[in-house]
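Here is a short note to read with the model open. The points run from the whole chain down to single residues.

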Amino acid sequence: MLRPEELGAGDRELWRELRTKSGQPRNPFMEPEFTDAVGRVRPRTCVAVVYEGGDAVGFLPHERGPLGQGRALAFGVSDCQGAVLPPGFPLEAGELLRACSLSSFAFDNLEAEQDLFVPAAAAEYSAYVIDVEKGYEAYETVLRAQAPKFLKTTLAKERRLGRQVGELRFVFDETDPAALRTLMEWKSAQYRRTGRRDRFAQEWIARLVHQLAGTREPECTGTLSVLYAAGRPVAAHFGLRSSTVLACWFPSYDPEFAKYSPGLVLHLRMAEAAAAAGIGLLDLGRGAAEYKDSLKTGELTVYEGAATRPGVGAAMHWLSVEPARRAHHFVRNRPRLASAAARTLKGVARLRRS
């Protein structure tokens, strides 16, 4: 059991090699640099190093809680989670949990093909993706076939934004800290408008984003993309990119320009820039949203649940998580209830602001 900063150069090289051989998209949330950043803001972050015959063969980044309850790294925030092991490695979840002195290991965005933990999943979700492996023009061709009205309308709004507000400029990798602060302010206001918990009100999440904004490694680079009109930011997004995947994370826009759909315009320009940089996949993350339905070309599977060992810690995890998860799952699978819940959240948010 090590702190992230205690991993040696050989451990990190093995970690990257295992990710290369995994056959899964090279999601930056699964890289050692993301673990390093989380470790700087979450003191209970650990990495379990798995050995076979005296040689390190794999890793489980996680966070330790009371009674040995473990959670995936940056649980509730990270969009891709799991162990880093050779494909088909003969290890059981219970065996690993015992070795780590964990009573449970909870996850909410478990990567597909994580054979160690998928059997413990309680729910399966779709994470929507944009495939630009064949270039941006090929992606536009797909959009014209599956969502012609969406593409035509969005491009028309982009032109109108340029005419009516001012010259458009898109920066794929903006380094101005003022732009990041603006994005975080927009996103906090959006959370409050929709009655959702403001993630940036949690100090560790805000600190994590700032840590990652300064991370510049080949397989984990903090990337702030900004759409400007007349020199003014109108939409922005902060995420992480590897050599092949752009993990979309925190998008938002200035509500003053909502009629131009600047967030959609921004995503099209992000897809174009990513393709030009050799990135083949934009991962929009789990969770249904109208904009994702319009932009997506495919889906990946992620899982939610927890692997447990018998004991007090596992029982405490079940009591603290499972009833709420089941209620959420019940509502999510019933569109009328989900719509009513969303309206209620917005109504509560309006009352809080009044």
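1. Overall content. The protein chain carries 11 helices and 12 strands. This is a predicted model. Of its 354 residues, 51% count as buried. Among the contacts with a separation of 6 or more, 74% come from residues 24 or more positions apart.

2. Helix H4 against helix H8. H4 covers residues 136-146 and H8 covers residues 262-276. Their axes lie 9 Å apart, and the packing angle is about 140°. That makes H4 oblique to H8, because over 145 degrees would be needed for roughly antiparallel. On the H4 side, the contact uses Tyr 136, Tyr 139 and Leu 143. On the H8 side, it uses Leu 268, Arg 269, Ala 271, Glu 272 and Ala 275. By class, the H4 contact with H8 has 6 nonpolar and 2 charged residues, with no polar ones.

3. Helix H1 against helix H2. Here the axes are 10 Å apart, at an angle of about 125°. H2 spans residues 32-41. H1 and H2 are therefore oblique to each other. H1 contributes Arg 12, Trp 15 and Arg 16. H2 contributes Pro 32, Glu 33, Thr 35 and Asp 36. What is the class make-up of the contact of H1 with H2? There are 4 charged, 2 nonpolar and 1 polar residues.

4. Trp 15 and Phe 59. A search of the whole structure gives 11 aromatic pairs. In one of them, the rings of Trp 15 and Phe 59 have centres 5.1 Å apart and planes at 20°, so the pair is stacked. The cut-off for stacked is under 30 degrees. Trp 15 sits in helix H1 (residues 9-21), and Phe 59 sits in strand E2 (residues 55-64). Trp 15 counts as buried, at 1% relative accessibility. Phe 59 is also buried, at 1%.

5. Phe 107 and Phe 117. Is this pair stacked or tilted? The ring centres are 6.3 Å apart and the planes meet at 45°, so the pair is tilted. Phe 107 belongs to strand E4 (residues 104-111). Phe 117 lies in the loop between E4 and strand E5 (121-131), 10 residues apart from Phe 107. Phe 107 is buried at 1% relative accessibility. Phe 117 is buried at 0%.

6. A ring cluster. Ring pairs join Phe 29, Phe 34, Phe 200, Phe 238, Trp 249 and Phe 250 into a cluster.

7. Charges over rings. Arg 42 lies over the face of Trp 204, with 4.3 Å to the ring centre. Arg 286 places its charged end over the ring of Tyr 125, 3.6 Å from the centre.

8. Ser 294. This residue is in helix H9 (residues 290-295). Ser 294 is buried, with a relative accessible area of 17%; the cut-off is under 20%. Leaving aside neighbours within four places in sequence, Ser 294 is in contact with Leu 143, Gln 146, Ala 147 and Phe 150. Ser 294 and Leu 143 are 151 residues apart in sequence, yet their C-alpha atoms are 8.2 Å apart. Leu 143 is also one of the H4 residues that meet H8.

9. Arg 163. Helix H5 (residues 148-164) holds Arg 163. Arg 163 counts as exposed, at 60% relative accessibility.

10. Ala 74 has phi near 55°. Ala 74 lies in the loop between strand E3 (69-72) and helix H3 (93-99). Ala 230 also has a positive phi, of about 55°. Ala 230 lies in the loop between strand E8 (220-229) and strand E9 (232-241). Which of these residues is buried, and which is exposed? Ala 74 is buried, with a relative accessible area of 1%. Ala 230 counts as exposed, at 52%; the cut-off for exposed is over 50%.

Conventions. Residues are numbered from 1 along each chain as its sequence is written. This is a predicted model: local features need pLDDT of at least 70, side-chain atom pairs count only at pLDDT 80 or more; totals for chains, interfaces and linings use all residues. Side-chain values use heavy atoms; hydrogens and water are left out. Axes are lines fitted to C-alpha atoms, for helices over the stretch in contact, and angles run from 0 to 180 degrees between N-to-C directions. Helices (H or I, at least four residues) and strands (E, at least two) are DSSP runs, numbered from the N terminus. Angles under 35 degrees count as roughly parallel, over 145 as roughly antiparallel, 65 to 115 as roughly perpendicular and the rest as oblique. Contact means heavy atoms within 4.5 Å. Ala, Val, Leu, Ile, Met, Phe, Trp, Tyr, Cys and Pro count as nonpolar, Asp, Glu, Lys and Arg as charged, and the others, Gly among them, as polar. Rings of Phe, Tyr and Trp (its six-membered ring) pair if their centres lie within 6.5 Å; planes under 30 degrees apart count as stacked, over 60 as edge-to-face and the rest as tilted. Buried means under 20% relative accessible area, exposed over 50%, partly exposed in between (1.4 Å probe, protein chains only). A charge sits over a ring if NZ of Lys or CZ of Arg is within 6 Å of the ring centre and within 35 degrees of the ring normal.
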